[in-house]
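Please open the structure in your viewer and follow this short tour, which moves from one selection to the next.

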Amino acid sequence: MTILLSGATGFLGSYLLKRFMQEGFDVIALTRSTSDTYRIKELLSTITYYDVDTTEIKEIFKKHNIDIVVNTVTDYGRSNSRISSILETNLMFSVRLLENAVENNVKTFINTDTLLEKEINAYALSKNQLVQWMQFLSDKINMINIKIEHMYGPLDDDNKFIYWVINQLQQNVEKIDLTNGVQKRDFIYIDDVVEAYMTIIINIEKFSSYEEFELGSGDAIEVKEFLNLVYNEISQKQVLTTKLNFGAVEYRPKENMCMEADISKLLSLGWEPSVKLEEGIKKILNGELSD
């Protein structure tokens, strides 16, 4: 089986790349000239990859007989990204992938989506717009959309919330200004996310033209509880006097106060999350990577 993987240098993409190679799949990885390849540098000499800034996507599809496209490219809109930049990554680039997949008779297009409501920010809106195109084209190619809740694990981006908080705590800063923290989120460890993708691929012949999966632990907890777990774990390793200043920051407009994935479809396929929250936090702090 040949899989074309976009976003291969990203957090999720790099884990999927390693897992697909372990499974013996032929993987065509897509990168950008601006990509930091540190997560997959040990694999670069053993894989086929293309810089999409210098190689036309249609040429990649011409060269390879691709069975599945797994799309993980994401611009979260952090660092004051312009809306046009977010759209280019999350929508236009992904539509070009989708268009070429249809034209080259790819069997299935698997997309990485979010559980966030489309109204909350440009990132969520752009993701939702791509899903509309997937549904529109689902009579031409099988589509699978995976809506992931709050994934976490070693090698995530430093500017994402969990890593940012951990870095602040490890520096023992005076205080961290936070919201009230009673909003609930469904935290899912990266290894469980990867195994969910594998479960879907193994069962891919069972699905209809458009399938959607929600992916999380299925058990949301308050952000405050999660942060207190992180705090307690770090405090066992170092002196920690940082004040978690809950209530100092307003919630963002249209904040969803409870996000919990409905994982019943994945459970019916035999997948289930295996990494408990406390274990996952320890893995991050210890920098443990999966084999």
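Select G287, which comes just after helix 9 and takes a positive phi of about 65 degrees; helices here are DSSP runs of H or I with at least four residues, strands are runs of E with at least two, and both are numbered from the N terminus. This is a predicted model, in which local features need pLDDT of at least 70 and side-chain atom pairs count only at pLDDT 80 or more, while totals for chains, interfaces and linings use all residues. Residues are numbered from 1 along each chain as its sequence is written, and side-chain values use heavy atoms, with hydrogens and water left out.

Now select E149, in the loop between strand 6 (142-148) and strand 7 (150-152). E149 is buried yet has no salt bridge, and the nearest side chain of opposite charge, R185, is 5.0 Å away; a salt bridge would need a side-chain nitrogen of Lys or Arg within 4 Å of a carboxyl oxygen of Asp or Glu. A polar atom of the E149 side chain does lie 2.7 Å from the backbone nitrogen of D186.

Finally, show the whole protein, which has 9 helices and 13 strands, and of whose 291 residues 51% count as buried.

Conventions: Buried means under 20% relative accessible area, exposed over 50%, partly exposed in between (1.4 Å probe, protein chains only). Lys and Arg count as positive and Asp and Glu as negative; His and the chain ends are not counted. A polar contact is a pair of N or O atoms within 3.5 Å; within protein, one must be able to donate a hydrogen and the other to accept it, and residues adjacent in sequence count only if both atoms are side-chain atoms.
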